[in-house]
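Colleague: Before we discuss the packing, could you put the chain up for both of us to look at?

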Amino acid sequence: MTEQHQAVLRANRVFVLDTNVLIHDPKAIFAFHGVVVCIPFMVLEELDTLKREAGEKGHNARQSIRLFDEMRKKGHLGEGVALDHDTEGAVLRILKNPEQIEFTLLQRDIHEIKDNAIIQTAVNLGKEGNKVTLVSKDINVRIKADTIGLDAEDYTKGSVDYDKLYKGWIRVALPANDLRQMTLKNIAGAIGNQQLATNEFVILESQSNEQNYRLYRYLGNKSFKEVTPISLMQSFSAKNVQQLMALDLLLDDNVKLLTLLGPAGTGKTFLTLLVGLYKTAYEHAYRKLMVTRPVIALGADIGFLPGDVQEKLHYWMQPVHDNLEFIASKMLRGTEQMLGMGSNEKKKKKTADQHKGHQDHDRQSHHENRFVEQLQRNGFLSLEAITYMRGRSIPYQFVFIDEVQNLTPHEVKTIVSRAGEGTKVILAGDPYQIDSPYLDFSSNGLTVTTEKFKDQSLFGSVFLEISERSELAKLAAEIL
């Protein structure tokens, strides 16, 4: 060990990493410079248990263990080994479990014991004269540490500042007369010194009436385009300016990657399915609309659902079916042309349309369900589990991945890197509603991808804030 590394050990600046940090980022030990990075023995035990799990959690546990094994070749881990040269002399140490835990355990829960053992390890280091910080992505662990006077912080490498999240649009208020006279030539003067990313929108609105606005998209190289109202298949149009932005980017085949963020009811899923269906079954710009979602349940996992894989996926994809059936209910008159229905089928449908009353509702429901099924049979629509996408190449497809806030940045990278020639990928989700215990607003795959791609010309993003669901749904979201 060099003199620099010896000096780091003598400096007594120590960071203790919780298990969830390594599950989030297996290379987290290299993120700390010029300090001692300590891994409690309890963390190794938890990694040993987690390594058997399938998916990202197990993969990251195994990767962390392999890294420690590589470090072991450099020396005695209990005494400290040098990390690579990019860490400014940082040292890695593995610490034994504490002989006793000072904190009273009212409930002998195994997870609570493990958390307290990790906290006790950090406390013991502090008693030896070290300046210690416990790093954990578990909020409760950080609260416990703070309660007993131990410094604790979140692991924030690669995370996104809540207040600086890229929304994909800005607002600029102007006098009504200036708004009326606005042209593409003088819009740059209207926004002043504000820096725009390619495909970022500018909402120019009247100072006296925000409902009086004009919408522009920045195309790069000081060039703008005005975005005017969009109508699809004579049945669908944007209900607000944010939906108009989303439609504009969804319809632009030059935008290969798009993120749509926002709470439930803002139209993310509906708009994406609408444009995906339009692009595949009507324009034939893509071979297929592929839809997938992470398998993270609010209750039981997908394995507990009845039926075979396709039947399980039907339950899991119910929000997708609901939206597609709603689209069908609005455009049933045009579905025959899109789906290639023959003359016999048209005659049958015409006969069925003559029935009245209760039969009308049954007939419409039947056609809506058949609409989704026939989309799948004709190859326009594919509903798949996200786990089946690893290792594939997906060319000329309109790929929609919903609930991306429950994916890690590495999982998003794995999926997006599958996109082949001519493929467009849409990532959508609500970063305020995360079901994964290892992710939060700043570290999930949706917000991190948005932040890292925001300066790329083939990328676009829209944060949708306005709910368009029923008044009851809006009220429930506000007060419950």
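This is a predicted model: local features need pLDDT of at least 70, side-chain atom pairs count only at pLDDT 80 or more; totals for chains, interfaces and linings use all residues.

Modeller: Residues are numbered from 1 along each chain as its sequence is written, and side-chain values use heavy atoms, with hydrogens and water left out.

Colleague: Which strands stand at the edges of the sheet, and why is one side of each left without a neighbour?

Modeller: Four strands form an open sheet with mixed pairing, in the order 7-8-9-10; strands (E, at least two residues) and helices (H or I, at least four residues) are DSSP runs numbered from the N terminus, and two strands pair if DSSP finds at least two bridges between them. Each edge strand has a single partner strand, so one of its sides has no neighbour in the sheet, and these edge strands are strand 7 (169–174) and strand 10 (223–227).

Colleague: Which residue stands opposite K225 in strand 10?

Modeller: Strand 9 (residues 213–220) and strand 10 run antiparallel and are joined by five bridges. Within this part of the sheet, the residue that stands opposite K225 is R217.

Colleague: At about what angle to strand 9 does helix 9 run?

Modeller: Axes here are lines fitted to C-alpha atoms, for helices over the stretch in contact, and angles run from 0 to 180 degrees between N-to-C directions. Helix 9 (residues 241–251) lies across strand 7, strand 8 (201–206), strand 9 and strand 10, and its angle to strand 9 is about 35 degrees.

Colleague: How do the residues of the contact of helix 9 with helix 10 divide?

Modeller: The axes of helix 9 and helix 10 (residues 268–282) come within 10 Å and cross at roughly 30 degrees. The contact (heavy atoms within 4.5 Å) is made by Q243, A246, L247, L250 and L251 of helix 9 and by L271, T272, V275, Y278 and K279 of helix 10. With Ala, Val, Leu, Ile, Met, Phe, Trp, Tyr, Cys and Pro counted as nonpolar, Asp, Glu, Lys and Arg as charged, and the others, Gly among them, as polar, the division is seven nonpolar, two polar and one charged.

Colleague: How are helix 3 and helix 4 oriented to each other?

Modeller: The axes of helix 3 (residues 41–50) and helix 4 (residues 55–72) come within 8 Å and cross at roughly 130 degrees. Angles under 35 degrees count as roughly parallel, over 145 as roughly antiparallel, 65 to 115 as roughly perpendicular and the rest as oblique; helix 3 and helix 4 are therefore oblique.
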